[in-house]
Amino acid sequence: MIKIEEHKQKMGIGSDHILHLISSEIKSINGNDTDKIRYREENQNGEFVAFYIVEDGISKYPPFKKVFHFEKE
């Protein structure tokens, strides 16, 4: 499940801006499940601000390490 509001907070994007989900895919590699998500950010006037790639993952096995990474395109 994709948590857009949680991602906005982790990325430091203000509540007056909107993230639109463009695409997502789930990868399962070496015991890790990772969501790779692409967002489009708009300001309060609906104007384009930036594109982002987010990787949000968790290990399938204890200790269930979580990973969160994003980059602005």
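Biologist: Why is tyrosine 61 called exposed?

Modeller: The relative accessible area of tyrosine 61 is 51%, and exposed means over 50%, buried under 20%, and partly exposed in between (1.4 Å probe, protein chains only). So tyrosine 61 lands in the exposed class. Bear in mind that this is a predicted model: local features need pLDDT of at least 70, side-chain atom pairs count only at pLDDT 80 or more, and totals for chains, interfaces and linings use all residues. Numbering starts from 1 along each chain as its sequence is written, and side-chain values use heavy atoms, with hydrogens and water left out.

Biologist: Where does tyrosine 61 lie?

Modeller: Tyrosine 61 is in the loop between S3 and S4. From glycine 14 to tyrosine 61 it's 47 residues in sequence and 34 Å in space, C-alpha to C-alpha. As for the whole protein, 27% of its 73 residues count as buried.

Biologist: How do you know what the elements of the protein are?

Modeller: They are DSSP runs, numbered from the N terminus: a helix is H or I with at least four residues, a strand is E with at least two. That comes to 1 helix and 4 strands, running α-β-β-β-β from the N terminus on.

Biologist: What makes S1 and S2 a pair?

Modeller: Two strands pair if DSSP finds at least two bridges between them. S1 and S2 have 11 bridges and run antiparallel, so they qualify under that rule. One of the residue pairs is isoleucine 26 with aspartate 35 in S2. The two strands form a hairpin with 2 residues between them, and asparagine 30 in the turn has a positive phi of about 50°.

Biologist: What about S2 and S3?

Modeller: Those are joined by 11 bridges and are antiparallel too. Here lysine 36 has glutamate 55 in S3 as its bridge partner. This hairpin has 5 residues between its strands, with glycine 46 in the turn at a positive phi of about 80°.

Biologist: Why are S1 and S4 said to stand at the edges?

Modeller: The open sheet has the order S1-S2-S3-S4, with antiparallel pairing. Strand S1 (18-29) and S4 each have a single partner strand, so one side of each is left without a neighbour in the sheet.

Biologist: How do you know that H1 packs on the sheet?

Modeller: H1 touches S1, S2, S3 and S4, and contact means heavy atoms within 4.5 Å. The direction of H1 makes about 70° with that of S4; axes are lines fitted to C-alpha atoms, for helices over the stretch in contact, and angles run from 0 to 180 degrees between N-to-C directions.

Biologist: What makes something a pocket here?

Modeller: On a 1 Å grid over the protein atoms alone, a pocket is an open set of points with protein on both sides within 12 Å along at least five of seven lines, whereas a cavity is a set where a 1.4 Å probe fits but cannot get out. Lining residues have an atom within 4 Å of a point. By that rule the largest pocket has 14 lining residues, with Lys3, Asp35, Asp56, Gly57 and Ile58 nearest its centre.
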